[in-house]
Amino acid sequence: MIASAYPEANRLAYRIRTALTGESTGLETAKLAWQQAEAVDRANKALHEALKLISDGSLLDCLLLENNHPKLLETARSLDHLTVADWKKRCEIFGWRVAAPLDHESVSKIQTAIETQSDLKDWLFKQYRAAVRSKNESTRAFQIIELIAARFPDDANAQEEVAAKRAQLIEQATAEIKDATEQLLPAETPKAIAHRYVALGLPLSDCHDATLASTIAEAAADHLDALADKVRSVVDNAKDLTESTNWREIESAYLACDYSLAINEARGELPTDLRDEFEKVATQLSRIRAKYESSISIRLAIIEIRAGKENKGKPVPIANRVAKLKSLESQALKTGNQIPGELKNEIKSAYTYARRKRLPLYGSIAATLLVLVASFLFLSNQSQEREAAESLQAKALAALQATEQSGNTSQIRTALKTWEEQISLAKPDSSLANQAALLTDWLALQTSLETEYEDSIADLEKLASSTDALKNAQAIEVLANDLRKSRADLAPDLGQGADLRLGALLADYQERQAADLDKNQRELARFERELRIAANNATQAKSRAEFERLQTAAEARVQTLNALLQEDFAVNSRSQLTPLLKSVTQQLKAIETKWAALDNAWLQLAQTKELTPYLAQLERIHSFDILPAEQKTALSQTLRLKESFSNLKSSQNLISNKEASAAFPANQSYLDTRVELSEAEQSYLTRLQELDNFANVYQSTVQYFEGNAEPQSEYRIYLVEPISKSDSEQNETSVTFTFNVRGFDEFGNPEPAPREIQFISRADGSFWGFFYKPSTLSPESEYYQRTISNTLSHLLAGANRFAILDQLTDLEKQTDLSPAFRVYWQQQFINFTKLNSWKWGLALSPSLKKHAGMLDKLPNAEENERLWLSIIEQTVPSPDISVLAKEELGELPRKEITALSRLYQNAANGQYLLAGYVLADGKLDLLDDTDPNTPLWSVNALTGSIDRIQENRQLTPFAPVLIYSLPGGDTPQKQLEKAVFASGLKLREPPYAQLLPALYK
């Protein structure tokens, strides 16, 4: 549902007043009644809920409810208009939906509670800060700051906080919907989450996240399907719609469905065929209701005829009431509605009643006329009698009176001359004498008036023919009106020549006046046209300087046009052009406000220190409709990469090697993290455990005697089994005993059977043969069981990264062990590290890799597995193996791995931060604390991607410039210097320089 689509309450009140004034009826007025009733029900429900919140002591929740669209108290006051009673009566008469009474008491209590709260703004900010501090009230915090911004629109901080919170909630909604989509059994469905956030008034549809967009689209589609099902239900129920059926129920269902479509703005989304069927239902209902309401109107007119009617306290003539009834009857017949028989009878009865009411009036008029006729006849008889007695006097008087009525001076003079004798014989006070005297005086007056009339025309001629005639238009018009009045008193046969002069004079003056008026009107039209052009150009200005220039031109024309409208000639245009002047002024002010807001937005952009607010500010600037096209294009290129900015660290990995990148996850310590083995590594180590060739090998020291009491040579020999000695055999000259010895051949393989080696001790004190000292477990086997097995177990259980390096270092120290044994295990452990050289640090130690290369020149370890047991190797060690056994790595590999791994880990733990932005001319504007030698990233104007800034690379204007910030705030150069000092290694030189992450090169 689209909350903003609810009809405004003041608009509803205006439409109701209009409907009452015009006595509107029909289906559209029925829809209006339905909207009013729905609005009142919704307002009453919200008022009851708000009052309950106040009763529970939650004024804040009441204010949040009141602030929802449409605003509760404002809506309630608008719905409680002066025509509520008349409208209710009208709804009851025509069968429309009657609205419930508005809850005035709740409105008063809520308003009182709000006004009682002292210092409302500070109190709301305290509630907002408390909500912000709470971890689980981000939604409530947004509602509170939105309430503050609505109640105090001049608070710029509140407005900015609303925008920030809105952006935060949109990101939160996107994350929640993504989590719910990825979960198998989410606690809340993605659609429910989207509906919850849309109910807050958040513009989720503006977000470019694909998951969010698809969720909103699915929810909208489900809602549209539900509305379509309601429409189909109405259409199906209306298939057999007639006047005889229960059309009122179908009409109610139609009005409810039409209201839902209107507030959801979904009518245009319905399928075309379904929308057409729905319109057909409306047409059918409109016809039925028109016939129904026509009958009601006719009956009301009949009641007015019979009961009488008053309009503003005055009785309405019965003829008007009858005319109204005839009009309604004619209208019903013209629209094709048949008037029922019983209603026709009522109409005839009303007409009969009206005629009876008019008859007494006609009788009184006739009686009055009869009385007047009789009186006239009586007076006429009396006059004839007097005329018979004074026939000559009467004829003379009649002749003079006749000429007087003609108003012709020549006829009056002739009549006076003709009846001169009778006039002289008439009595001084007789009618004839008085009439003659009257005519004589009138003739003298006419002569005087003619002279005055001609003199006035001469004066008018002087004034109208002067150069200032048009400026004296008012005086000329007054004089002309006086002449017209004077001419009305003058006889028609006098002043005819003066009339011609006056007519020509006024015609010439009016012609000049019309020409001047036409000139002024053309000038007025020209300035009006120029003003419209200037205002239109100002609206379409592409820069602030261009707008200010056009604004100045438009304001100058506003002043000129306003001055012209004060002139008399513009009186007819004043009502038409005054709104234009006001509109243009408001338009210019609105655009000026937009430019000021845009300037402020640019200023805020320059002051932004973080990437997310910077991108949010870019979006705000991008929304300005006055933004020049080239700037809008540049901003669009950057905003299309908004998601890429959030994923920049993964897409712009500074560790190019994938294995190295996997070895250095962010926010971890490479040296302290215990290593998890792969299946190949586990198999490799398991193979090296419990090897009989190493675990159970014995040794004995062999002394070789050739007569002397001192042995000629002495060496160590490895044995498969412990030595056993036979019992001694003694004779007169010597003692002989035998050693049972099972050793290894020259290939290191166990001998098939023990050998019997005799030793002879002569009586003369000489010794002959090989003497084997008691056998013990070999030092190699002891070392294998004590150290190597422990290292293997330790590795299988999850060892640290230096476990192998420690083992190699310890092997170097075991100089008493067989060189072949030591070299063999060096091969085994280093080959193990080759399975994942970055995991175990081999890739980070050039010295260790060099040693590995020397080991690679020997046969594979599998071929050397028994070499250390060879009887030849025991007596004459291989020179290559001896040299490698004496090669010492020492602490150098540990230093190398430690120094380089810390550089890699710092690179992985870093993050991209805002370092400035690109100016409109493509140059960089960096923050004051940005090191100029530090690598920078921005939007490539050619590829449209985020790349590292290089020399002569074209950048997108206004795009953010990013720096990769390392932990601790050090620059890569400083960190490298510290690593060199701490390790003592020349990390800037080969071979270390090639191993450094790209950030340090």
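Q: How many cavities of 30 Å³ or more does the structure hold?
A: Four. A cavity here is a set of points, on a 1 Å grid over the protein atoms alone, where a 1.4 Å probe fits but cannot get out. Grid points are joined across faces, edges and corners, and a volume is the space filled by probe spheres set on the points.

Q: What sort of model is this?
A: This is a predicted model: local features need pLDDT of at least 70, side-chain atom pairs count only at pLDDT 80 or more, and totals for chains, interfaces and linings use all residues. Numbering starts from 1 along each chain as its sequence is written, and side-chain values use heavy atoms, with hydrogens and water left out.

Q: What volume does the largest cavity have?
A: About 50 Å³.

Q: Which residues line the largest cavity?
A: Arg801, Ile804, Leu805, Leu808, Thr833, Trp840, Leu848 and Ile897. A lining residue has an atom within 4 Å of a point.

Q: Which helix gives the most to that lining?
A: Helix α32, residues 803-813, with three residues. Helices (H or I, at least four residues) and strands (E, at least two) are DSSP runs, numbered from the N terminus.

Q: And by class, what is the lining of the largest cavity?
A: Six nonpolar, one polar and one charged. Ala, Val, Leu, Ile, Met, Phe, Trp, Tyr, Cys and Pro count as nonpolar, Asp, Glu, Lys and Arg as charged, and the others, Gly among them, as polar.

Q: Switching to strands. How many helices and strands are in the chain?
A: 39 helices and 15 strands.

Q: How do β3 and β4 pair?
A: Antiparallel, over seven bridges, with β3 at residues 698-707 and β4 at 713-719. Two strands pair if DSSP finds at least two bridges between them. A hairpin of five residues links β3 to β4. Val702 sits opposite Tyr715 in β4.

Q: What does β3 do with β9?
A: β3 pairs antiparallel with β9, residues 767-772, over six bridges. There, Phe705 faces Gly769.

Q: And with β10?
A: Two bridges, again antiparallel, to β10 at residues 776-777. Tyr698 is opposite Leu777.

Q: What strand order does the open sheet of five strands have?
A: β12-β11-β15-β13-β14, with antiparallel pairing. β12 (924-926) and β14 (946-948) are at the edges with a single partner strand each, so one side of each has no neighbour in the sheet. Neighbouring strands are turned by 40 degrees against each other on average, direction ignored.

Q: Which helix packs on that sheet?
A: α24, residues 611-622, touching β11 and β15 (960-965). Its direction makes about 170 degrees with that of β15. Axes are lines fitted to C-alpha atoms, for helices over the stretch in contact (heavy atoms within 4.5 Å). Angles run from 0 to 180 degrees between N-to-C directions.

Q: How many bridges between β11 and β12?
A: Three, antiparallel, with β11 at residues 911-918. Tyr917 has Asp925 as its bridge partner in β12.

Q: Where is Pro628?
A: In the loop between α24 and α25 (629-639).

Q: Buried or exposed?
A: Pro628 is buried, at 4% relative accessible area. Buried means under 20%, exposed over 50%, partly exposed in between (1.4 Å probe, protein chains only). Its C-alpha is 6.7 Å from that of Ser543, 85 residues apart along the chain.

Q: What share of the chain counts as buried?
A: 40% of the 1001 residues. Among contacts between residues at least 6 apart in sequence, 69% join residues at least 24 apart.

Key:
1 Å grid on protein atoms, 1.4 Å probe; cavity = no way out; pocket = protein on both sides within 12 Å on 5 of 7 lines; lining within 4 Å.
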